[in-house]
Amino acid sequence: MTRNLEWRVGLELSEESGRTKAEARLDTGTATFTGHGSARCNPADADVPVIGDELAASRAMKDLAGKLMREANREMEAVGAGTVPRRTGPGYGWPEAVS
């Protein structure tokens, strides 16, 4: 079975008084998920707004990814399938090399 889907992701950033807030939204066509993230500039650090944008956006997307994973786990359990095993490290990206 071949399927083609398009999911839309939007990211909104706002900055005020050294604090950047981000909201990431995923629209699957049948559901919408929202993640939030924030970052603040340490008063002792140089004010580089792009760094706050990147930190807040990445935190919002990580929150969004977690919500999407929890929804997938609920749906797998609902049909009697096992869930994705929990790991002690981050559950994303390539596995870490074992020394």
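**Close-up 1. Asp-63 and Lys-67 in helix 1 of the predicted model.** Asp-63 is partly exposed, with a relative accessible area of 26%, and Lys-67, at 27% relative accessibility, likewise counts as partly exposed. The two residues form a salt bridge in which the closest N and O atoms are 3.5 Å apart. Because they are four residues apart in helix 1 (residues 49-78), Lys-67 and Asp-63 are separated by about one helical turn.

**Close-up 2. Salt bridges of Arg-25 with Glu-23 and of Arg-8 with Glu-6.** The whole structure contains four salt bridges, among them that of Arg-25 and Glu-23, whose closest N and O atoms lie 2.8 Å apart. Arg-25 is partly exposed at 29% relative accessibility, as is Glu-23 with a relative accessible area of 27%. The side chains of Arg-8 and Glu-6 meet at 3.0 Å, N to O; here Arg-8 is exposed at 57% relative accessibility, and Glu-6 is exposed with a relative accessible area of 55%.

**Close-up 3. The hairpin of strand 2 and strand 3.** These strands pair in the antiparallel sense over nine bridges, with Lys-21 standing opposite Ser-38 of strand 3. Four residues lie between the strands, and Gly-29 takes a positive phi near 95° in this hairpin. The covered face of strand 3 holds Phe-33, Gly-35, Gly-37 and Ala-39, whereas Thr-32, Thr-34, His-36, Ser-38 and Arg-40 form the uncovered one.

Close-up 4. Thr-28 is buried, with a relative accessible area of 16%, and its side chain reaches the backbone nitrogen of Thr-30 at 3.3 Å. Leaving aside neighbours within four places in sequence, Thr-28 is in contact with Trp-7 and Phe-33.

Conventions. Residues numbered from 1 in each chain as written. Predicted model: local features only at pLDDT ≥ 70, side-chain atom pairs only at ≥ 80, totals over all residues. Heavy atoms only, no water. Buried < 20%, exposed > 50% of the residue type's maximum accessible area, 1.4 Å probe, protein only. Polar contact = N/O pair within 3.5 Å; in protein donor to acceptor, adjacent residues only side chain to side chain. Contact = heavy atoms within 4.5 Å. Helix = DSSP H or I, 4+ residues; strand = E, 2+ residues; numbered from the N terminus. Pairing = 2+ DSSP bridges.
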